[in-house]
Amino acid sequence: MRTGLKITAFAAAVAATFGTAYGVGSGVAPVTAGEKPAAHDAEHAGGTEKGGETGKEDAGHGGHSEGAAEPAAAAAEVPGGLQVSERGYTLDLERDRLPAQKGEIRFTIRKDSTGKPVTSYKKEHGKELHLIVASRDLTGYRHLHPVRAADGTWSTPVSLPKAGDYRVFADFTPAGEKEGLTLGSGLGVAGTYKPAKLPEHAGTARVAGGYEVRLEGELKPGAESELTLNVYRNGKPVTDLEPYLGAYGHLVALRSGDLAYLHVHPHDGKPGPGVTFTASVPSTGTYRLFLDFKHDGEVRTAAFTVHAA
């Protein structure tokens, strides 16, 4: 894992025709050589991981690259997850509606030049593809690792918290490509829908099991900023976080409004209590941060609402 990697998104006009999308960073404290990262093959949200195998991290998540873009291209770029097609690849959901909160998501990544499914990928954090599902009101979040069939079709069971509008994000790097990308598409879940109010800004998030995560640092539009998340349990610092997908934690964030997806790689660090990353957000506004960390064999999620002045 590359450390201190800055992810910079570009503020560009985006048509408001999509359902949901993410927005800031992912990752904390990469595992040093010799440690075996825990892989995760099932969904988790606010708390648990089902199953677990070991895997080796090979690179960073898709949709993020190191260094600044060329000036001529900057104006055309937008944050990840806002487009269903990008750089010659398309996210093709088998169906964009689920009859209930529990169901299956099936999709294919297609190469635009041929229409054929992509069947070869680079591994990122021990997986070929990471799937994020978020509700439009940013109160529901799932980080999934679907299974790919030989024909290129991906599938995963999913249990969503309520009916309503969601956005699906596929984060991957096709074999032969130097940089990864994140594609997004809308997903609807049948039932009575009442959007929840976005939680207020808070520097502390409480998680089931007696955990508390405290956020230090601020997001600064158009500039790098350092964020540190400190994990406590029953008031005591947690210093034995377990490796999860090659790191001691992962952070994903979404921009409220268009749900732009941003992703940040971690700094070097120890297994708790503090995990640190550098982020660069493209604009002022409100962001929802989701930190995944593993302790006592379970992956847990802490969520924050943060304002970039």
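I call a residue buried under 20% relative accessible area, exposed over 50% and partly exposed in between, with a 1.4 Å probe and protein chains only. By that scale arginine 214 is partly exposed, at 32% relative accessibility. The model is predicted, so I take local features at pLDDT of at least 70 and side-chain atom pairs at pLDDT 80 or more, while totals for chains, interfaces and linings use all residues. I number residues from 1 along each chain as its sequence is written, and side-chain values use heavy atoms, with hydrogens and water left out.

**Entry 1: around arginine 214**

I looked up the salt bridges, each a side-chain nitrogen of Lys or Arg within 4 Å of a carboxyl oxygen of Asp or Glu. The whole structure gives 11 of them. Arginine 214 forms one with glutamate 212, with the closest N and O atoms 2.7 Å apart. Glutamate 212 is buried, at a relative accessible area of 17%. A salt-bridge network links Arg206, Glu212 and Arg214.

I then checked for charges over rings (NZ of Lys or CZ of Arg within 6 Å of the ring centre and within 35 degrees of the ring normal). Arginine 214 has its charged end over the ring of tyrosine 232, 3.8 Å from the centre. Lysine 111 lies over the face of tyrosine 89, at 4.8 Å from the ring centre.

**Entry 2: two further salt bridges**

Arginine 148 meets glutamate 128 at 2.9 Å, N to O. I place elements by DSSP runs numbered from the N terminus: helices are H or I of at least four residues, strands are E of at least two. Arginine 148 is in strand 10 and glutamate 128 in the loop between strand 7 and strand 8, 20 residues apart. Arginine 148 is partly exposed at 26% relative accessibility. Glutamate 128 is partly exposed at 22%.

Glutamate 200 and lysine 197 also bridge, at 3.7 Å, N to O. Both of these residues are exposed.

**Entry 3: nonpolar cores**

I defined a nonpolar core as buried Ala, Val, Leu, Ile, Met, Phe, Trp, Tyr and Cys residues joined through side-chain atoms within 4.5 Å. The largest has 27 residues, and those touching the most other members are Val213, Leu219, Leu229, Leu289, Phe293 and Phe304. Elements giving two or more residues to this core include strand 15 (211–216), strand 16 (224–233) and strand 21 (285–295). A second, separate core has 24 residues, among them Tyr89, Ile105, Tyr121 and Val158.

I followed leucine 229 through its contacts (heavy atoms within 4.5 Å). Leaving out residues up to four places away in sequence, leucine 229 touches residues including Val213, Arg214, Leu251, Pro273 and Phe304.

**Entry 4: sheets**

I count two strands as paired if DSSP finds at least two bridges between them. Strand 5 and strand 7 pair over 5 bridges. Threonine 90 has arginine 110 in strand 7 as its bridge partner.

A further open sheet of 5 strands runs 6-13-12-8-9, with mixed pairing. Strand 6 (97–98) and strand 9 (141–144) stand at its edges, each with a single partner strand. Strand 12 and strand 13 are antiparallel and joined by 9 bridges. Aspartate 171 pairs with threonine 182 in strand 13.

**Entry 5: aromatic rings**

Rings of Phe, Tyr and Trp (its six-membered ring) pair with centres within 6.5 Å; planes under 30 degrees apart count as stacked, over 60 as edge-to-face, the rest as tilted. I found 6 such pairs in the whole structure. Phenylalanine 107 and tryptophan 154 are stacked, because their centres are 6.3 Å apart and their planes at 10 degrees. The pair joins strand 7 to strand 11, 47 residues apart. Phenylalanine 107 is buried at 1%, and tryptophan 154 is buried at 2%. Ring pairs link Phe107, Tyr121, Trp154 and Phe172 into a cluster.

**Entry 6: backbone**

I noted a cis peptide bond from glycine 272 to proline 273, omega near -5 degrees. Proline 273 is in the loop between strand 19 (261–263) and strand 20 (274–280).

Arginine 87, not a glycine, has a positive phi of about 50 degrees. Arginine 87 is in the loop between strand 4 and strand 5, and is partly exposed at 39%. Histidine 125 also has a positive phi, about 55 degrees. Histidine 125 lies in the loop between strand 7 and strand 8 and is buried at 2%.
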